[in-house]
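I opened this model to look up two things.

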Amino acid sequence: MTEPVKLVVIISGNGSNLQSIINAIESGQVNAKIGAVISNNPNAFGLSRAKKHSIKQQIVDHRSFNDRGAFDQSLLETVNRYSPDFIVLAGFMRILGSAFIQAYEGKILNIHPSILPDYKGLNTHQRAIDNQETEHGVSIHLVTESLDDGQVLLRGRYPIEARDTVEDLQRKGHALEHQMYPRLIQWLCDQELEVSPNEITFRKQLLSHPIEFNHG
Ligand code: GRF
């Protein structure tokens with residue numbers, strides 16, 4: 001068997017996506033190892049999840065730094081200790097600086113609660129309801145220096161019903177996310193999805209459009 005792919009997961013909060021990745025690794029679906037879970041928030045519940053599964057936890061609290069550059073540098077040094085193949089952002093609520101992104105270009109993944117390129121940024125569920133959309137979704141994309149703008153690798157969709165609230169959409173979105181992130185990581189581990197600075201291929205075909213996630 002090939003070596004497990006090394007991941008670092010960076011969170012700020014609940015960590016339900018982290019949990020779905022841990023579960024997929026423990027069940028053997030995904031051949032990866034999480035070197036550490038890093039949080040900028042010392043109270044993130046996701047840290048307890050990591051602890052429960054004997055995964056190293058690191059806190060890099062953005063409030064203990066004078067500026068964003070210093071926070072970024074410390075985060076980078078912490079990540080470097082684990083030499084990850086991929087950095088998985090899972091509910092990380094800070095914007096990464098360019099030095100960090102350049103150091104791991106093409107290796108940083110993020111999950112965003114919308115069908116990108118629509119609804120970048122925050123409060124995507126409320127904005128979709130306000131705009132009377134009939135569909136919303138989830139995107140997993142590469143992180144670049146522009147917010148929520150890197151190439152989308154995988155995209156999932158769900159319907160918005162007439163009476164849906166923000167909580168309803170969050171629930172539907174999370175259910176989808178918990179299937180999508182492990183699946184995408186599985187493809188990376190199995191080299192079905194290959195990401196290099198110049199091209200992304202999925203099952204040896206050039207990926208020109210996001211993969212549509214069929215969760216039916
Ligand atoms: C997810 O909804 C994700 O789309 C967004 O942050 C949320 C994190 O949820 N980026 P959790 O902490 O994984 O439960």
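**Entry: ligand shell**

I noted at the outset that this is a predicted model. I then listed the residues around the ligand. They are N14, G15, S16, N17, G91, I111, H112, P113, H174 and E177. I sorted this shell by class and got two nonpolar, seven polar and one charged residue. Next I asked which elements supply at least two residues of the shell. I found three entries: α1 (16–26), β5 (108–112) and α6 (166–189).

I looked up distances to ligand oxygen atoms. For G15, a backbone N or O atom lies 2.8 Å from an oxygen atom of the ligand. For N17, a polar side-chain atom is 2.9 Å from a ligand oxygen. For N14, a polar side-chain atom is 3.5 Å from a ligand oxygen. I then checked cover. On its own the ligand has 360 Å² of accessible area, and the protein covers 84% of that.

**Entry: largest pocket**

Where does the ligand sit? I placed it in the largest pocket. I read the space in this pocket as about 980 Å³. Its lining counts 39 residues, and those closest to the pocket centre are G91, F92, M93, I111 and P113. G91, I111 and P113 are also among the residues around the ligand.

I went on to the elements. α1, β5, α5 (124–130) and α6 each give two or more residues to the lining of the largest pocket. Which of them gives the most? It is α6, with six residues. By class I recorded 15 nonpolar, 20 polar and four charged residues in this lining.

**Entry: second largest pocket**

I listed its lining as T2, E3, V5, D85, F86, L188, C189, D190, Q191, L193, E194 and V195. β8 gives the most, with three residues. By class I wrote down six nonpolar, two polar and four charged residues.

**Entry: recap**

Key. Residues numbered from 1 in each chain as written. Predicted model: local features only at pLDDT ≥ 70, side-chain atom pairs only at ≥ 80, totals over all residues. Heavy atoms only, no water. Near = heavy atom within 4 Å. Polar contact = N/O pair within 3.5 Å; in protein donor to acceptor, adjacent residues only side chain to side chain. Areas by Shrake-Rupley, 256 points an atom, 1.4 Å probe, with all protein chains shown as cover. 1 Å grid on protein atoms, 1.4 Å probe; cavity = no way out; pocket = protein on both sides within 12 Å on 5 of 7 lines; lining within 4 Å. Sits in = over half its atoms within 2 Å of the grid points. Helix = DSSP H or I, 4+ residues; strand = E, 2+ residues; numbered from the N terminus. Nonpolar A, V, L, I, M, F, W, Y, C, P; charged D, E, K, R; others polar. Points joined across faces, edges and corners; volume = space filled by probe spheres on them.
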